[in-house]
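Here is a short note for a colleague who is opening this structure for the first time. Please read it with the model on screen.

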Amino acid sequence: MTAKRIGLLTSGGDAPGMNAVVRAVVRTARASGAEVLGIRRGYNGLINGDVVELGSNDVRGLNSRGGTILFTARCAEFQTEEGQQRAAQTCKYLGIDALICVGGDGTFRGALDLSKHGVPSVGIPATIDNDIACTNYTIGFDTACNTAIEAIDRLRDTMHSHERCSLVEVMGRKAGHLAVYVGIAVGANAILVPERPYDFQTDIADKIRRTRIQGRSHFDVIVAEGAGNIHEIAGQIKEETGLDPRVTILGHIQRGGAPGARDRVTAARMGRHAVELLAQGRHNRVVCLCDGQLKDMDIGEALKMKKDLQETMYETARILSSG
Ligand code: F6P
């Protein structure tokens with residue numbers, strides 16, 4: 001069935017480019033004669049009927065805005081059967097034919113749950129973690145990398161002046177994609193990620209000693225948040241090498257800001273593709289970007305896939321940080 005009234009929600013951690021998706025979905029839907037109801041606060045909004053009509057004018061100028069005008073939330077009630085039934089009931093009550101759910105794998109699990117209650121959907125991957133296996137790229141990743149790089153470049157100036165050891169924690173939940181890209185881009189001396197075990201002596205202490213022999217006392221470590229406790233690692237460095245490291249946790253700053261070109265354009269392409277899937281009556285799909293090509297995959301199949309680090313990227317990071 002072709003969707004005439006589409007519900008659109010953003011859920012989980014926000015990502016730069018989510019608003020550009022909202023714009024793309026609304027404009028594509030309007031162009032094909034469908035209407036869009038924005039559901040506010042993710043699955044919470046679906047449970048509570050918290051909706052707003054979105055016309056072409058409502059999405060004007062959204063491409064450059066970070067965050068999400070629809071707000072987002074992580075919703076515990078939606079994990080329950082009762083919560084899911086209430087959400088499905090809202091769709092029925094408001095005449096929502098299908099949903100477009102923008103977010104990470106938690107968002108897609110929600111969409112899959114709803115499909116079991118008769119609500120069809122399409123997922124669009126948007127998370128700064130880039131940890132969704134069915135797609136090479138998730139909206140927000142590139143902007144978050146650039147935000148982290150800019151902050152670390154600034155840090156490096158002062159760390160270099162004081163000849164200090166700097167440890168910077170980047171986000172990524174259980175994944176190290178952000179850490180690897182950022183680490184390569186800033187030319188870090190060591191990059192710690194959850195997917196690959198590290199040996200403190202070889203990967204940090206020996207490298208610091210080698211750097212000293214080369215006459216330099218400045219040392220940069222990028223730590224993915226899932227790779228271990230950054231304060232403990234700093235303590236270990238202090239104990240083993242006598243350095244007095246400084247720890248910086250970039251935190252939520254990585255999620256904010258205007259999206260860059262890559263995220264705006266990917267959002268436009270994926271938003272359009274999602275609406276077209278619904279127009280063709282193709283449901284329960286996730287939009288994916290594979291080798292630059294837009295594709296789509298069954299949500300259930302997509303959620304079964306596991307994503308590892310790109311080995312060539314990790315290897316590049318390892319070689320270039322070897323001093
Ligand atoms: O998934 C995006 C993300 O920013 C992760 O990198 C991070 O671990 C998490 O969300 C933080 O979540 P919250 O905003 O709930 O603190």
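How many nonpolar, polar and charged residues does the lining of the second largest pocket have?

1. Basis. The model is predicted: local features need pLDDT of at least 70, side-chain atom pairs count only at pLDDT 80 or more, and totals for chains, interfaces and linings use all residues. Numbering runs from 1 along each chain as its sequence is written, and side-chain values use heavy atoms, with hydrogens and water left out.

2. Second largest pocket. By class, its lining has eight nonpolar, three polar and five charged residues. Ala, Val, Leu, Ile, Met, Phe, Trp, Tyr, Cys and Pro count as nonpolar, Asp, Glu, Lys and Arg as charged, and the others, Gly among them, as polar. H7 gives the most to this lining, with four residues. Helices (H or I, at least four residues) and strands (E, at least two) are DSSP runs, numbered from the N terminus.

3. Pocket terms. On a 1 Å grid over the protein atoms alone, a pocket is an open set of points where a 1.4 Å probe fits, with protein on both sides within 12 Å along at least five of seven lines; lining residues have an atom within 4 Å of a point.

4. Largest pocket. The lining has 16 nonpolar, 13 polar and 15 charged residues. H4 supplies the largest share, seven residues.

5. His-218. This residue sits in the loop between helix H7 (200-213) and strand E8 (219-224). His-218 is buried, at 11% relative accessible area (buried means under 20%, with a 1.4 Å probe and protein chains only). Its contacts (heavy atoms within 4.5 Å) beyond four places in sequence include Arg-156, Glu-163 and Thr-211.

Technical notes
Buried < 20%, exposed > 50% of the residue type's maximum accessible area, 1.4 Å probe, protein only.
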